[in-house]
Amino acid sequence: MLTLRERQINAIKQMLNLNSQQPKALAAEPVWKILIYDRVGQDIISPIISIKELRELGVTLHVQLHSDRDSIPDVPAVYFCLPTDENLDRIQQDFSNGLYDIYHLNFLAPITRSKIENLAAAALHAGCVANIHRVYDQYVNFISLEDDFFILKHQQSDQLSYYAINRANTRDEEMEALMDSIVDSLFALFVTLGNVPIIRCPRNSAAEMVARKLEKKLRENLWDARANLFHMDATQAGGGVFSFQRPVLLLLDRNMDLATPLHHTWSYQALVHDVLDLGLNLVYVEDEATAASARKKPKACDLDRNDRFWVTHKGSPFPTVAEAIQEELESYRNSEEEIKRLKTSMGIEGESEIAFSLVNDTTALLTSAVNSLPQLMEKKRLIDMHTKIATAILNYIKARRLDSYFEIEEKIMSKQTLDKPLLELLRDAEFGQPEDKLRLYIIYYICGQQLPESELERLREALQAAGCDLTALAYVQRWKSIMNRSPSISQVTQYEGGGTRTVSMFTKLVSQGSSFVMEGVKNLVVKRHNLPVTKITEQVMECRSNAETDDYLYLDPKLLKGGDVLPKNRAPFQDAVVFMVGGGNYIEYQNLVDFIKQKQTSNVHRRIIYGASTLTNARQFLKELSALGNEIQTPATS
């Protein structure tokens with residue numbers, strides 16, 4: 001069964017094959033073409049199709065729509081962009097300049113009738129109507145970062161951020177446009193999946209606005225005989241991504257949980273995102289050469305599904321990753337030594353083709369070893385890359401005491417007693433950066449025991465003395481007072497951090513020759529626990545009765561008359577799409593991945609896809625909270 005990511009890849013490959021089915025024969029020569037995309041189109045393609053794969057699909061050149069481009073005759077030009085006024089103006093300019101002989105226009109969102117008429121008029125005026133071969137609406141306006149993880153925006157993601165949704169002075173038309181943008185992308189997602197979901201969401205929230213609009217859009221499409229995009233729905237043979245049972249779309253609002261986005265983390269992927277700014281599966285890491293030279297840019301490290309080590313260990317605790325890298329390095333060295341030993345024993349010193357051709361048939365072992373050299377070199381490249389990334393993370397862990405922050409926050413979330421008073425930690429000049437201390441305080445304020453105002457004031461004074469910007473606290477205080485007035489919400493979003501335990505020190509890394517000096521870093525093992533988003537997902541998928549989730553809207557776009565009444569007899573859902581309005585993170589994603597792994601049985605295969613309007617790390621989220629706090633402290637004058 002194809003994943004969401006695989007379906008999106010297939011749709012884009014078909015588009016690059018000029019919207020005809022891909023030839024079955026591998027040897028078929030591709031049609032050579034150029035690809036012209038806007039920034040949104042670029043963000044969609046870059047995490048899922050490499051430059052090498054683009055070449056194999058016949059793309060000889062890929063360029064930005066708004067860059068200076070020369071005329072290239074006799075080659076099809078494939079456009080992949082949003083039908084915005086700015087983009088359409090540029091396409092019309094290309095028509096007038098006669099840049100290309102063949103145009104294939106692919107829009108990321110449906111183009112309106114008036115815009116297509118304007119485009120046709122421009123083509124007529126430029127005399128290039130015959131040159132426009134195809135105009136397509138492509139329903140792929142979302143970014144697949146993993147098989148089961150998507151976001152809606154990367155560049156200009158502040159348009160769909162937590163701040164944009166929650167700021168005080170957003171005009172009604174701005175909020176409508178923001179919600180429509182989210183709905184259009186979610187609609188495209190379900191067209192790609194080939195399924196019509198049941199929608200659940202909390203009432204009186206941004207998630208409800210999205211849910212109502214999406215239900216209306218899905219229903220209108222389903223009951224339009226000519227334009228129905230779900231004729232291959234999962235209820236019919238050959239259906240969509242999920243099983244024959246329909247999935248549930250659980251729409252949640254970031255306001256349900258402000259602690260998790262600020263939580264210091266301990267798993268590999270989430271750490272890379274938190275301290276190294278992972279974006280679109282690329283991370284830039286400075287090494288000694290780039291740090292010494294101002295001209296040299298850090299080289300991009302591509303963390304994708306073709307990297308077996310990354311796929312296996314992205315959800316592992318950091319110490320496990322460090323040990324695994326060491327094991328991989330030792331395995332590589334053993335393979336390298338074996339080849340050298342075989343060559344020496346046969347008197348071959350060089351690696352020239354002539355030298356190898358002299359070896360007779362009895363040397364199959366050496367031939368096999370030499371044939372494995374390309375794989376071995378690729379393995380070495382990946383080991384070096386992960387060593388570089390892990391070393392950079394390790395330096396941050398040591399400099400900022402991230403292991404201690406993670407351990408303390410897990411204790412706070414699981415209501416355990418701290419070894420040292422919080423005030424003492426915040427006053428310790430050697431204990432992390434101001435940003436780390438602020439994150440710790442906010443998590444304590446949200447999840448810890450209630451403290452008198454005088455005690456909180458002393459903690460805030462310690463933060464100020466440490467150089468923290470306390471602007472965000474004004475917003476967090478207001479948010480908490482609203483949450484406390486909604487007991488059903490605060491009940492379901494109660495934190496129950498799993499806590500941690502320290503196991504024996506890194507036996508495999510203490511040995512001589514290790515790439516990592518782990519001295520002073522705790523080997524923490526995280527105990528399994530469910531974050532608020534995972535707890536709600538479990539309750540909704542299992543159809544468990546709960547005061548909070550029973551009150552969630554229940555919307556079925558397949559019903560002719562819309563309603564939000566919860567059916568009495570409901571079977572548990574096998575598949576779910578969990579979408580966070582206002583920004584998601586790798587911590588929640590990994591928690592859902594771990595949860596669904598535990599739920600698999602030999603008879604039932606369950607799946608969860610996690611999505612978010614944007615992907616934010618703690619630094620970015622703190623900035624948004626500070627901007628919202630600033631609005632409270634300096635209200636806008638009307």
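The model is a predicted one, and its secondary structure comes to 25 helices and 16 strands. Of the 638 residues in the protein, 53% are buried. The protein exposes about 30200 Å², and carbon and sulfur atoms supply 51% of that area. Among the contacts with a sequence separation of 6 or more, 79% are accounted for by residues 24 or more positions apart.

A helix that can be followed in some detail is H9, which spans residues 268–276. Because 9 of the 9 residues of H9 are buried, this helix is largely enclosed by the rest of the structure. H9 is followed by Asp277, whose phi is positive, near 60 degrees.

One partner of H9 is helix H15, which covers residues 373–400, and the axes of these two helices come within 10 Å and cross at roughly 65 degrees. Since angles of 65 to 115 degrees count as roughly perpendicular, H9 and H15 are therefore described as roughly perpendicular to each other, and their crossing is left-handed. On the H9 side, the contact is made by Tyr268, Leu271, Val272, Val275 and Leu276, while H15 contributes His386, Ile389, Ala390, Ala392, Ile393, Tyr396, Ile397 and Arg400. Sorted by class, the contact of H9 with H15 has 11 nonpolar residues, 1 polar residue and 1 charged residue.

A second pair, formed by helix H4 (residues 85–97) and helix H5 (residues 113–126), has another geometry, in that the axes come within 9 Å and cross at roughly 15 degrees. Because an angle under 35 degrees counts as roughly parallel, H4 is roughly parallel to H5. The crossing of H4 and H5 is right-handed. Here Asp85, Leu88, Ile91, Gln92, Phe95 and Ser96 in H4 meet Lys115, Asn118, Leu119, Ala122, Ala123 and Ala126 in H5. The residues of this contact between H4 and H5 divide into 7 nonpolar, 3 polar and 2 charged.

Set side by side, the two pairs give the reader a roughly perpendicular, left-handed crossing of H9 and H15 and a roughly parallel, right-handed crossing of H4 and H5.

Technical notes:
Residues numbered from 1 in each chain as written. Predicted model: local features only at pLDDT ≥ 70, side-chain atom pairs only at ≥ 80, totals over all residues. Heavy atoms only, no water. Axes fitted to C-alpha atoms, helices over the stretch in contact; angles between N-to-C directions. Helix = DSSP H or I, 4+ residues; strand = E, 2+ residues; numbered from the N terminus. Parallel < 35°, antiparallel > 145°, perpendicular 65-115°, else oblique. Left-handed = near helix turned anticlockwise from the far one by under 90°. Contact = heavy atoms within 4.5 Å. Nonpolar A, V, L, I, M, F, W, Y, C, P; charged D, E, K, R; others polar. Buried < 20%, exposed > 50% of the residue type's maximum accessible area, 1.4 Å probe, protein only. Areas by Shrake-Rupley, 256 points an atom, 1.4 Å probe, with all protein chains shown as cover.
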